[in-house]
Amino acid sequence: MTKRILILSAYLWASPNTLFAIAVGMLLGGRMRLHSGVLEIHGHRVRRVLASMPIAANAMTMGHVVFGQSPVALDRTRLHERVHVHQYERWGPFFIPAYLACSAYLYLVGRDGYRDNPFEVAAYAVDDPGHPRLRTGHPTE
């Protein structure tokens, strides 16, 4: 019973971002599929939006929703994006401000606001745990 309450609490805590992402997915006419409790959305408009972001993305997470350029991209990035899902479960509505604040700070101190962002470092660790950036924190250190 306690585990179910914790799971429900995590979904509720992340729900503002999840609901916003579902609305965006519907506006973009994305195709939706449920995979392990996470809604995955893809489609040609989703692909265009992700490709045109300041840092082009194969996939992007908002709450319990993952947008992907294609079903293949969703499969390929699933582990990485699930780390972000868990981060949303911990940070809830504060995830996006915390992520952006970390990026802004890193840019201000001359670091890479994306790759050096601790939220991304944690997600990339599941992709390649031996990557030099993950061991040292920055490729030039």
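Of the 141 residues that make up the protein, 39% count as buried, and it should be kept in mind from the start that the model is predicted. The accessible surface of the protein comes to about 8300 Å², and 67% of that area belongs to carbon and sulfur atoms.

The protein has six helices and four strands, which follow one another from the N terminus in the order α-β-β-α-β-β-α-α-α-α. Among the contacts in the protein with a separation of 6 or more, 48% are accounted for by residues 24 or more positions apart.

The largest pocket has a volume of about 780 Å³. Its lining consists of 27 residues, and those that lie nearest the centre of the pocket are Met53, Met60, Tyr99, Tyr114 and Glu120. Two or more residues of this lining are given by each of strand 3 (59-62), helix 3 (71-91), helix 4 (95-108) and helix 5 (118-127). The table sorts the lining by class.

| Class of lining residue, largest pocket | Number of residues |
|---|---|
| Nonpolar | 16 residues |
| Polar | seven residues |

Is arginine 78 buried or exposed? Arginine 78 has a relative accessible area of 15%, and because buried means under 20%, this residue counts as buried. If its neighbours within four places in sequence are left aside, arginine 78 is in contact with Arg33, His35 and Glu40.

Conventions. Residues are numbered from 1 along each chain as its sequence is written. This is a predicted model: local features need pLDDT of at least 70, side-chain atom pairs count only at pLDDT 80 or more; totals for chains, interfaces and linings use all residues. Side-chain values use heavy atoms; hydrogens and water are left out. Buried means under 20% relative accessible area, exposed over 50%, partly exposed in between (1.4 Å probe, protein chains only). Contact means heavy atoms within 4.5 Å. Accessible areas come from the Shrake-Rupley method with a 1.4 Å probe; for residues, only the protein chains shown count as cover. On a 1 Å grid over the protein atoms alone, a cavity is a set of points where a 1.4 Å probe fits but cannot get out, and a pocket is an open set with protein on both sides within 12 Å along at least five of seven lines; lining residues have an atom within 4 Å of a point. Grid points are joined across faces, edges and corners, and a volume is the space filled by probe spheres set on the points. Ala, Val, Leu, Ile, Met, Phe, Trp, Tyr, Cys and Pro count as nonpolar, Asp, Glu, Lys and Arg as charged, and the others, Gly among them, as polar.
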